[in-house]
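Let's take a walk through this structure, one part at a time. Have the sequence and the 3D view ready.

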Amino acid sequence: MTATSLVPALATAPAVDPSSLVVWPASARSAAHGDVTVAGVSLAEAADRFGTPLYVLDEGEFRDRCRTYRAAFPEADVIYAAKAFLCRALLHWVEEEGLGLDVCSAGELELAVTTGFPPERIVLHGNAKSPKDLSAAVRLGVARIVVDSASEINHLAVLVPRGTRQQVMVRVVPDVSAGGHAAVRTGTDGQKFGLSITDGSAEEAVVRILGRPELELVGLHCHIGSQIAEVEPYITALRRLIGLLARIRDDHGVVLPQLDLGGGHAVAYRPGEDVLDVAALAARVRTELADGCARAGLPLPRLTIEPGRAIAGPAGVAVYRVLSVKDTGGQRFVAVDGGMSDNPRPALYGVRYAPRVIGRGSTAPVRPVTVVGRHCEAGDVLAAGAALPDDVRPGDLLAVPVAGAYHLSMASGYNLVGRPPVVAVHDGSARLLVRRETLMDMSVRDIGL
């Protein structure tokens, strides 16, 4: 994103009520002196105790969202997409709530297994899995590996111990365009993920896998994009996958028992934004799967879905401290002590947030401002067109809801600014899950001349 692309948003009066808690965790409450509590914990006090920037994760909200998915899809495997955010405590929550885990690297996989997560409930994804990724998955005994390219088939097959078989799925591109930004639309031809139904490469991969006795093809997988708020794209993809299941049965005499519809379910980052209705999705998928398989003469496959953002995102709140307020060129810039190193999403996708001043009251009128980070990039913008009090000043605390997914998981070491800590809040108490990254942590990797 360029700096100039942000300017038009600043000229429009903000439509978001800065006092609204609609997109916050369900436990969020307005408190005295302009503070907000989450799970009974004062965010201002948490900032004083743990410092800023700070990520606060509501354990109850996370668990409740896991339970919502289990209730909506009782007959399916619900697996949490670790790429949204992963840490050891969160792994325990996922396991205890009965979900599986979707990982994309040996790093995510080994963190999970060494924490005690059952490998038989783990699925490995990735468009370009390294030899280390594949060997770790086979060695540790993951449930399924999703094949994303033809070249991966032979690489994987030679790693499987003699006399055993590795369950695999084929990631299919169903040619469905869906998602909140071009960079996260992964269901169409012409992008890096999966194998196309249209050009026949998906079925070619099926044939190659069936020819490898070390591999057991158990199903088809697709992931059509992220931040999808409508049910219909999933139904279109499902119909095309059922059609491919029928062709595989007819052409190769193989009935595949599993079908994975991926994730990408939209959440609201600001009041009024669209979200995906999980219950409506489940009802439509259930009906379409039954009807489509009946028409094709197929048995019902076991369904898998992979929510990540929709579970972790709304459970998180980021807290920053204001470093400076600058009025220049007819615009107001509010700079905080974090930025694109802990949340690159605005720079990558142009997303917008609804930050709020906490820790003090204000009767000043609100105005649109640009909340920017501390990094040496014009594109280091955390919230364009944000509605903040006219008296916002250095030392104030800003809280940004819906910060639990694709913030720290995509964080960088830019400008050698350490990554923030993660604190879990639950039943009025706060505990540190991931400590703050220090200069020593970063410098120890630099071995010198």
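A residue counts as buried when its relative accessible area is under 20%, as exposed when that area is over 50%, and as partly exposed in between, using a 1.4 Å probe and protein chains only. Helices (H or I, at least four residues) and strands (E, at least two) are DSSP runs, numbered from the N terminus. What you see is a predicted model, where local features need pLDDT of at least 70, side-chain atom pairs count only at pLDDT 80 or more, and totals for chains, interfaces and linings use all residues. Residues are numbered from 1 along each chain as its sequence is written, and side-chain values use heavy atoms, with hydrogens and water left out.

Start with strand E4, residues 54-58, where five of five residues are buried. In a regular strand the side chains alternate between the two faces of the sheet. Here Leu54, Val56 and Asp58 point one way, Tyr55 and Leu57 point the other way, and all are buried. What about the neighbours? Two strands pair if DSSP finds at least two bridges between them. E4 has four bridges to strand E14 (residues 316-328), running antiparallel, and Tyr55 sits opposite Ala318 there. Four bridges also join E4 to strand E20 (residues 422-426), this time in parallel, with Asp58 partnered by Val425.

Most residues other than glycine have a negative phi, and most peptide bonds are trans. Thr52 and Pro53, however, are joined by a cis peptide bond, with omega at about -5°; Pro53 lies in the loop between helix H2 (43-50) and E4. Asp427 belongs to the loop between E20 and strand E21 (429-434) and is exposed, at 69% relative accessibility. Leu416 also has a positive phi near 50°. Leu416 is in the loop between strand E19 (397-401) and E20, and it is exposed too, with a relative accessible area of 56%.

Now for another sheet: E1, E2 and E3 form an open one in that order, with antiparallel pairing. Strands E1 (29-30) and E3 (41-42) are at the edges with a single partner strand each, so one side of each has no neighbour in the sheet. Two bridges join E1 to E2 (residues 36-38), and Arg29 has Thr37 as its bridge partner.

Next, the helices. Axes are lines fitted to C-alpha atoms, for helices over the stretch in contact (heavy atoms within 4.5 Å), and angles run from 0 to 180 degrees between N-to-C directions. The axes of H5 (residues 106-115) and H6 (residues 131-140) come within 9 Å and cross at roughly 25°. That makes H5 roughly parallel to H6 (under 35 degrees; over 145 is roughly antiparallel, 65 to 115 roughly perpendicular and the rest oblique). Among the residues in contact are Leu109 of H5 and Ala136 of H6. For H8 (residues 201-210) and H9 (residues 232-252), the axes come within 11 Å and cross at roughly 45°, so these two are oblique to each other.

Finally, the rings. Those of Phe, Tyr and Trp (its six-membered ring) pair if their centres lie within 6.5 Å; planes under 30 degrees apart are stacked, over 60 edge-to-face and the rest tilted. The count is three aromatic pairs. Tyr269 and Tyr353 have ring centres 5.3 Å apart and planes at 80°, so they are edge-to-face. Phe62, Tyr80 and Trp93 form one aromatic cluster.
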